[in-house]
Number of protein chains: 2
Amino acid sequence: MKDIIFGLSILFIASCMNAPESNPSEPERPAYTLVIHGGAGTITRSGMTPDMEAEYLAVLDAALDAGENILKNGGTSLEAVRDVIVLMEDSPLFNAGKGAVFTHAGTNELDAAVMDGKTLMAGAVAAVGNVKNPILAAFEVMEHTEHVLLSGKGAEEFAAARGLEIVDPSYFFTERRWKSLQTVLEKEKQQAELSEQEKHGTVGAVALDKNGNLAAATSTGGMTNKKYGRIGDTPVVGAGTYADNATCAVSCTGHGEYFIRYAVAHDVSAAMRHGGKSLASAAKDIIHTRLLSNGGSGGLIAVDAMGNISMEFNTEGMYRGYAKPGEREVKIYQDQ
Amino acid sequence: MKDIIFGLSILFIASCMNAPESNPSEPERPAYTLVIHGGAGTITRSGMTPDMEAEYLAVLDAALDAGENILKNGGTSLEAVRDVIVLMEDSPLFNAGKGAVFTHAGTNELDAAVMDGKTLMAGAVAAVGNVKNPILAAFEVMEHTEHVLLSGKGAEEFAAARGLEIVDPSYFFTERRWKSLQTVLEKEKQQAELSEQEKHGTVGAVALDKNGNLAAATSTGGMTNKKYGRIGDTPVVGAGTYADNATCAVSCTGHGEYFIRYAVAHDVSAAMRHGGKSLASAAKDIIHTRLLSNGGSGGLIAVDAMGNISMEFNTEGMYRGYAKPGEREVKIYQDQ
């Protein structure tokens, strides 16, 4: 009898040791988590028509579907963020891929980056003008070169050499973004104050997969009226994009120069690593305290290794959404 | 008598309060501190002639003189790091400015960055081929644009528009670097292992001035045989260059891709800010533990707000030196 009780005790202890997820103080890691954004800025109800709102929400939903489909079927976080970004790049609604804003010269110069939280490998392209999906070029850089960041004509040659779809630059022409440039140029001529609206914009995705691997990806057309080969935070690993399985995956959007100077994406990871902060606390601190008090507008999405998410922004709105098993949300405004 | 003693006591306490520097537990901040590097890598005594060694040490000494001269006369840390880098860019010895390495195509694509620890303003240029002193272009970006990072032809146009000295690309031809490219191309053809030697190299400077302001600057020709508009860590604020009066100023050198993926310069600052680490501990951790264990070779120089310095590297040598009032050192090898 003693032996049986002893045996049962051992069994019980062993089963407890093998199932730490049954401990209520340690919440179970979800099978997957996906968070996406389509840019932060002056996005208000009064500036939006019901049709536009419905269109944005539909693309955000479709992007979540694309990523969730992969994660549900055992795909990796890298595959999920890749397909989310491709879908959003192909939509004319967001400032990335097809919907990229125009430079001062009336051209399009696109940037994108990806980072793998498991290996800390990363790939990025800056100032490409004829690659249909810059995020795929960023993946090629990560997977098939010894480099992290390729730029300009060289990056375009590389993308073509890797067999990616090259388009005529006219592919990136959209009436709406062209008008934005004309408005900004006109205001510049009148030396009027340029509003932040329509100037920035980005798409991003972060994911956690069933193996506990994190990934982050970001893509953008940059800033309307940008000059002189300006590169923003998106392709700058540590500024607009970062992922580390030991901490979190982050994708940023906003006034890129501030995100570079404060190394925002890496700062969230570093506050967790060096300061032992939670993801929520780290993200709130950089977005609502450090950036805001210094005039930096924008936001970020993030997911940590336990599937906790953050969607912080200090602007009036951010196109955003997330999905976990049995949970989904898509939102636009601050007061939602 | 009591009143006199009381008065003297008050005087004594007040004088102590006004002179915290007299407290032996709080070391006095030096009037200035300057640290410089000329690249880290496979730099060994056996690979060096006495003449070459003397030449390197002479330029390091001249660079320290240039910066120290400014700091001694009440100049700013920004002015000091600017003049140090210009002098080192003008020397053919280092992989920056005149001595820049060649790309795969036989051209030169130079990168540089500067950051102001007081304001966290930063400026950088990437892939410029005709600007005599890329560091001056980085300063112009910081001081005269709303941007942080300009690239390629656009950055060249900007530098010309700001009146900087534009040179024929042949200015950057040096026999030694051309031979390096031919050696690397030959090895590539034979599919031989490419050595790290001669491939990388950078110059950098960090300074603390009498007002307690920190600054960091870095300049490079990048990586021999680089392709496709590759950008390394130097112009990536947070990777190769960072400065924040609240923590430290950092300039890195080494295998740039690793420095981007680990956001090395910002990580030193973040370990101090979020983790309360000392500069020495933060710099040692990233260079000797995280980078080394993951295969990342290189080093960094740094100075904190109290004038403590760090010159850490995990390679066989790093051209380096520092100067404080009454102190100076220039070194090359690890065992010095």
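Leaving aside neighbours within four places in sequence, which residues is Ser77(B) in contact with?

## Ser77 of chain B

Contact here means heavy atoms within 4.5 Å. On that basis, and leaving aside its neighbours within four places in sequence, Ser77(B) touches Leu71(B), Ala207(B), Leu208(B), Asp209(B), Asn213(B), Leu214(B) and Ala215(B). Ser77(B) lies in helix H3 of chain B. Helices (H or I, at least four residues) and strands (E, at least two) are DSSP runs, numbered from the N terminus. With 2% relative accessibility, Ser77(B) counts as buried. Buried means under 20% relative accessible area, exposed means over 50%, and partly exposed lies in between (1.4 Å probe, protein chains only).

## Basis of the report

This is a predicted model, in which local features need pLDDT of at least 70 and side-chain atom pairs count only at pLDDT 80 or more, while totals for chains, interfaces and linings use all residues. Residues are numbered from 1 along each chain as its sequence is written, chains are lettered from A and ligands numbered from 1 in the order in which they are written, and side-chain values use heavy atoms, with hydrogens and water left out.

## Chain A as a whole

Chain A contains 9 helices and 13 strands. It has 336 residues, of which 58% count as buried. Among the contacts in chain A with a separation of 6 or more, 69% are between residues 24 or more positions apart.

## How the two chains are related

Chain B is superposed on chain A by a rotation of 180 degrees with 0.0 Å of shift along the axis, at an RMSD of 0.0 Å. This is the relation of a two-fold axis. The superposition is by least squares on the C-alpha atoms of residues with pLDDT of at least 70 in both copies. Gly275(B) has the C-alpha nearest the axis in chain B, at 2.3 Å from it. Both copies use the same surface, since 100% of the contact residues of chain B recur in chain A.

## Two packed helices in chain B

Helix H3 (residues 77-90) and helix H4 (residues 134-144) of chain B pack at an angle of about 150 degrees, and their axes are 8 Å apart. The two helices, H3(B) and H4(B), are therefore roughly antiparallel to each other. Axes are lines fitted to C-alpha atoms, for helices over the stretch in contact, and angles run from 0 to 180 degrees between N-to-C directions. Angles under 35 degrees count as roughly parallel, over 145 as roughly antiparallel, 65 to 115 as roughly perpendicular and the rest as oblique.

On the H3(B) side, the contact is made by Leu78(B), Val81(B), Arg82(B), Ile85(B), Val86(B) and Glu89(B). H4(B) contributes Pro134(B), Ile135(B), Leu136(B), Phe139(B) and Met142(B). By class, the contact of H3(B) with H4(B) has 9 nonpolar, no polar and 2 charged residues. Ala, Val, Leu, Ile, Met, Phe, Trp, Tyr, Cys and Pro count as nonpolar, Asp, Glu, Lys and Arg as charged, and the others, Gly among them, as polar.

## Helix H5 of chain A

Helix H5 of chain A covers residues 152-161, and its buried residues include Gly152(A), Ala155(A) and Phe158(A). The buried residues of H5(A) pack against strand S3 (122-128), helix H4 (134-144) and strand S4 (149-151) of chain A. Gly163(A) follows H5(A) and has a positive phi, near 85 degrees.

## Residues in loops

Leu120(A) is not a glycine, yet its phi is positive, near 60 degrees. Leu120(A) sits in the loop between strand S2 (110-116) and S3 of chain A, and counts as buried at 5% relative accessibility. Ala263(B) likewise has a positive phi, about 40 degrees, without being a glycine. The loop that holds Ala263(B) runs between helix H7 (256-261) and helix H8 (264-275) of chain B. Ala263(B) is buried, with a relative accessible area of 2%.

Is Ser46(A) buried or exposed? Ser46(A) is exposed, with a relative accessible area of 73%. Its place is the loop between strand S1 (33-41) and helix H2 (50-72) of chain A.

## Cysteines

Over all chains, the structure holds 0 disulfides. A disulfide is a pair of cysteine sulfur atoms within 2.5 Å. For Cys252(A), the closest cysteine sulfur is in Cys248(A), 9.8 Å away and too far for a bond. Cys252(A) counts as buried at 1% relative accessibility.
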